[in-house]
Amino acid sequence: MNINRTFSIPVATAMKLKSERNQSRTVTRAVNKYLDEKEEYSPSDLPTRQIMLVLRLREDCPQSIRVLIDDYFDNLSGKQSK
């Protein structure tokens, strides 16, 4: 089932769309692609502590970074137990 909607788009976009055989299908595909990408997983959605723990477990994580992460969590646990 389809529904008609009216949206405002730039003239340049309308001119590009005009050359498409099935404009409704093109717009539907573009909007669905945009909405699907918005729901993609992003590391920026994770809490910093979780990113640090995952980074700490990676084999390619430099030792100097591991030391900093360990120190951070050691200090954090020390503050919580006081």
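This is a predicted model: local features need pLDDT of at least 70, side-chain atom pairs count only at pLDDT 80 or more; totals for chains, interfaces and linings use all residues.
**View 1. The chain is built from helices.** The chain has 4 helices and 0 strands. Read along the sequence, the pattern is α-α-α-α. The radius of gyration is 24 Å, well over the 12 Å that the globule rule gives for 82 residues, so the chain is more spread out than a compact globule. The C-alpha trace spans about 65 × 30 × 25 Å along its principal axes.

**View 2. The surface of the chain.** Of the 82 residues, 7% are buried. The chain exposes about 8,000 Å². Carbon and sulfur atoms supply 54% of that area.

**View 3. Arg66 sits in helix H4.** Helix H4 covers residues 63–81. Arg66 is buried. Setting aside neighbours within four places in sequence, Arg66 is in contact with Arg56, Arg58, Glu59 and Cys61.

**View 4. Arg66 has no salt bridge.** Which side chain of opposite charge is nearest to Arg66? That side chain belongs to Asp60, 6.6 Å away.

**View 5. The side chain of Arg66 meets backbone oxygens.** A polar atom of the Arg66 side chain lies 2.5 Å from the backbone oxygen of Arg58. The Arg66 side chain also reaches the backbone oxygen of Glu59, at 3.4 Å. Both Arg58 and Glu59 are among the contacts of Arg66.

Technical notes
Residues are numbered from 1 along each chain as its sequence is written. Side-chain values use heavy atoms; hydrogens and water are left out. Helices (H or I, at least four residues) and strands (E, at least two) are DSSP runs, numbered from the N terminus. Buried means under 20% relative accessible area, exposed over 50%, partly exposed in between (1.4 Å probe, protein chains only). Lys and Arg count as positive and Asp and Glu as negative; His and the chain ends are not counted. A salt bridge is a side-chain nitrogen of Lys or Arg within 4 Å of a carboxyl oxygen of Asp or Glu. A polar contact is a pair of N or O atoms within 3.5 Å; within protein, one must be able to donate a hydrogen and the other to accept it, and residues adjacent in sequence count only if both atoms are side-chain atoms. Contact means heavy atoms within 4.5 Å. The radius of gyration is taken over C-alpha atoms; the globule rule is 2.2 Å times the number of residues to the power 0.38. Accessible areas come from the Shrake-Rupley method with a 1.4 Å probe; for residues, only the protein chains shown count as cover.
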